[in-house]
Structures are given as C-alpha cells and as structure tokens.
Amino acid sequence: NAAAARVLDRLGISLVRVPQAGCCGAIEHHLNAQDAALERIRRQVDAWWPHVEAGAEAIVITASGCGTMVQDYGHLLAGDPAYAQKAARVTALAKDVGQVVAAERESLAKLLAGRAPVAGPVAYHAPCSLQHGLKQKGVVEAVLREAGFTLTPVPDAHLCCGSAGTYSILQPELSGQLLANKVRALESGRPATLCTANIGCLLHIESGASKPMAHWIELLDRRLAA
C-alpha cells in the first residue's frame with residue numbers, strides 16, 4: 001500500500017488512507033458465512049462512503065482477490081434497501097491499482113524517459129482473481145514491460161497457484177500440488193525476481209519459491225526511486 005501511494009503520488013494521484021476500512025469480507029464469503037460477510041461489507045461501505053460523497057474518483061485496491069470481492073458488493077447488497085445504491089456506487093468506483101497505473105502510461109513514460117532497462121528478468125504471476133475475476137488480463141504485464149522490465153515466459157499462466165482464498169487451508173494437499181506446478185512454471189525462465197498482483201498469491205508462492213517475491217507495484221516503486 002505504501003509503494004502504491006508513492007507510485008501514484010509521482011503520477012499526480014493522491015491516495016487517502018481510510019483507517020476504518022478493514023477486511024473486504026472475502027474470507028467469510030469463501031467459508032459460506034453469508035451473514036458475517038454481508039455485515040463486513042456494510043462496514044466497508046460505511047468506511048468508504050464519506051470519501052465517496054466528498055468526490056473520491058476511485059477506490060484503489062492493491063490485492064486483486066479483494067478487488068474481485070468488492071466488485072460483487074453491488075450484487076450482494078442489491079436486496080438491502082439501506083445499502084443497495086451505496087454498494088453499487090462502491091463497486092463502480094473500485095479499481096485494481098494496475099488499472100489506475102495503466103491509465104497514466106504517458107506520465108509514467110515521462111518519469112522513466114532515458115533510463116536503461118531493468119537488469120534481471122522478472123516472472124509475473126497473473127492471479128486468477130485479476131485475469132478471470134476482474135477481467136484485467138495483460139494489463140500489469142504491459143505496464144511492467146513499458147516501465148523497462150523484461151518478463152520471462154510462464155507456461156500455463158492461466159492456472160491457479162493454489163492459494164485461492166481459503167483453499168490452501170482447507171485443501172492443503174491439492175493446494176500444494178498447484179503450488180509446486182506454479183513455482184516450477186514461474187522459475188522455468190530463470191528470472192531474478194518473481195512478482196504478482198495479489199497478496200494471497202504472493203504469500204503462497206513465496207512459501208515454495210527459491211527466488212525473491214514481491215507485489216509488482218513494489219518493483220515499480222523501486223524503479224521510480226532508483
């Protein structure tokens with residue numbers, strides 16, 4: 001989140017931290033604790049709403065798994081007369097940080113003009129929540145390439161890493177198999193660094209990888225600060 005704030009600040013976008021905001025409700029939702037999930041969602045909407053009323057242009061989300069959940073707020077609270085319109089507005093404003101950076105490509109190019117390409121190739125894991133849930137396939141990859149990163153090919157990039165919300169806890173054996181396959185695919189191109197766009201994927205892949213792991217916005221932050 002701190003890296004995202006620094007990157008967007010350089011692009012002329014101010015992020016406002018909302019201390020009252022907490023978990024997006026995905027964990028309860030994955031576990032079929034529907035009432036608890038809806039209550040969590042209402043608290044999130046309440047936390048963000050004063051900023052929405054004040055004119056916030058977007059709700060920026062740095063974990064694509066959370067972004068997929070927030071994308072459903074409008075649907076999940078559609079039957080709640082007190083929250084239906086607010087939840088729909090929150091869903092409309094929610095954006096993955098990759099979407100926000102991609103919309104500022106011209107400004108980013110100016111900031112990086114004249115710099116040599118980054119030394120050391122990077123393997124990027126596209127989270128299921130980003131490429132399938134949010135339909136943002138290829139967005140982060142394009143930003144990284146334009147920022148001077150060399151991305152290694154990743155076989156079967158459409159497949160899950162095995163984290164999948166609570167799946168890694170409830171189905172450890174199958175999750176472990178998916179993790180081993182994903183690490184093998186990511187490291188097959190001999191990258192210097194691995195990165196992704198979702199915190200769940202990051203922690204899960206990091207547990208089995210031999211290469212350093214980061215959120216892609218952290219790599220871009222370092223690139224801009226160099």
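Predicted model: local features only at pLDDT ≥ 70, side-chain atom pairs only at ≥ 80, totals over all residues.

Tutor: Residues are numbered from 1 along each chain as its sequence is written, and side-chain values use heavy atoms, with hydrogens and water left out.

Student: What makes β3 and β4 a pair?

Tutor: Strands (DSSP runs of E, at least two residues, numbered from the N terminus) pair if DSSP finds at least two bridges between them. β3 and β4 (residues 193-196) have four bridges, in the parallel sense, so they meet that definition. Ala123 stands opposite Leu194 of β4.

Student: How do you know that β4 and β5 pair?

Tutor: Three bridges join β4 and β5, again in the parallel sense, and Cys195 has Ala214 in β5 as its bridge partner.

Student: Why is the sheet called open?

Tutor: The order is β3-β4-β5, and β3 (122-125) and β5 (213-215) stand at the edges with a single partner strand each, so one side of each lacks a neighbour in the sheet.

Student: Which residues of β4 are called buried?

Tutor: Thr193 and Cys195 point one way and Leu194 and Thr196 the other, and all are buried, that is, under 20% relative accessible area with a 1.4 Å probe, protein chains only.

Student: What makes the β4, α13 and β5 unit right-handed?

Tutor: A crossover is right-handed if, with the strands pointing away from the viewer, the path from the first strand over the helix to the second runs clockwise, and β4, α13 and β5 make such a right-handed β-α-β unit.

Definitions and conventions: Buried < 20%, exposed > 50% of the residue type's maximum accessible area, 1.4 Å probe, protein only.
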